[in-house]
Amino acid sequence: MVPTVKAVLFDMDGVLVFSEDAWFSVYNETLVGFGHPPVTRADFDAIYGNGAAADRDLYMPERTVEEIEAAYARLFEEHLDEIRPNAEAAAVLGELRRRGIRTSVATNTTAPLARRILDLHGLLPLLDATASADEAGAGKPDPAVVRLAAERVGTPLEECLFVGDSRFDARAAAAAPVRFVGLGHGDGARIERLGELLGLPGLT
């Protein structure tokens, strides 16, 4: 028997909003600003969502995480219009609230920027909490931000479901540990549209 889900934790980018185009621009502008060559879209797609610490280790080892995050935040202001909300996100969050299921974001995006993006698209008021890697002390695939997201909605991990769209999300879920559903991702439990979440066992 599938246990009842009392809270759903969401990755932000690629789940609630689609910001990969904006991030690609910001990432390359950051690299160039720090004296590095830009990366191709294929190289970017391979690392998208892994967090500023991993970005530093891979391409900008001479910089601090704080310098990289500050550059991201500054440059992102110029690309906010490239972000698109998931058209199903507001309805899904609203229905989960109606059912009494708590919701939180677990994202590698810094807290101020994540909240700005969510608020810009009307999603922040529909969430009970947000949790970001800079608050948790580590980004996915480390499980810290997933655990913080569950803590902020006062729900044990065994009563949570985490929805993500990348291998970083899946690895963080496994390490947390928490039940995971991939949005268009993975060989395990998977949905192709966010709205399909509402029909999953434990949520109906």
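Phe-44 is buried, at 3% relative accessibility; buried means under 20% relative accessible area, exposed over 50%, and partly exposed in between (1.4 Å probe, protein chains only). The model is a predicted one, in which local features need pLDDT of at least 70 and side-chain atom pairs count only at pLDDT 80 or more, while totals for chains, interfaces and linings use all residues. Residues are numbered from 1 along each chain as its sequence is written, and side-chain values use heavy atoms, with hydrogens and water left out.

The structure holds 8 aromatic pairs. Rings of Phe, Tyr and Trp (its six-membered ring) pair if their centres lie within 6.5 Å; planes under 30 degrees apart count as stacked, over 60 as edge-to-face and the rest as tilted. Trp-23 and Tyr-72 are edge-to-face, because their ring centres are 5.3 Å apart and their planes stand at 80 degrees. This pair links distant parts of the chain, with Trp-23 in helix α1 and Tyr-72 in helix α4 (residues 65-76), 49 residues apart. Helices (H or I, at least four residues) and strands (E, at least two) are DSSP runs, numbered from the N terminus. Trp-23 and Tyr-72 are both buried.

Phe-44 has Phe-24 as a partner in a tilted pair, 5.4 Å centre to centre with 55 degrees between the planes. Phe-24 belongs to helix α1 and Phe-44 to helix α2 (residues 41-47), so this pair ties together parts 20 residues apart in sequence.

Is Thr-30 buried or exposed? Thr-30 is buried, because its relative accessible area is 2%. Beyond its neighbours within four places in sequence, Thr-30 is in contact (heavy atoms within 4.5 Å) with Met-60, Ala-71, Tyr-72 and Leu-75.

Next comes the sheet. Its 6 strands form an open sheet with parallel pairing, in the order β5-β4-β1-β6-β7-β8; two strands pair if DSSP finds at least two bridges between them. At the edges are β5 (129-132) and β8 (190-191), each pairing on one side only. Strand β1 (residues 7-10) pairs with β4 (residues 102-107) over 4 bridges, and Ala-7 has Arg-102 in β4 as its bridge partner.

Helix α5 (residues 89-98) lies across β1 and β4, at about 155 degrees to β1. Axes are lines fitted to C-alpha atoms, for helices over the stretch in contact, and angles run from 0 to 180 degrees between N-to-C directions.
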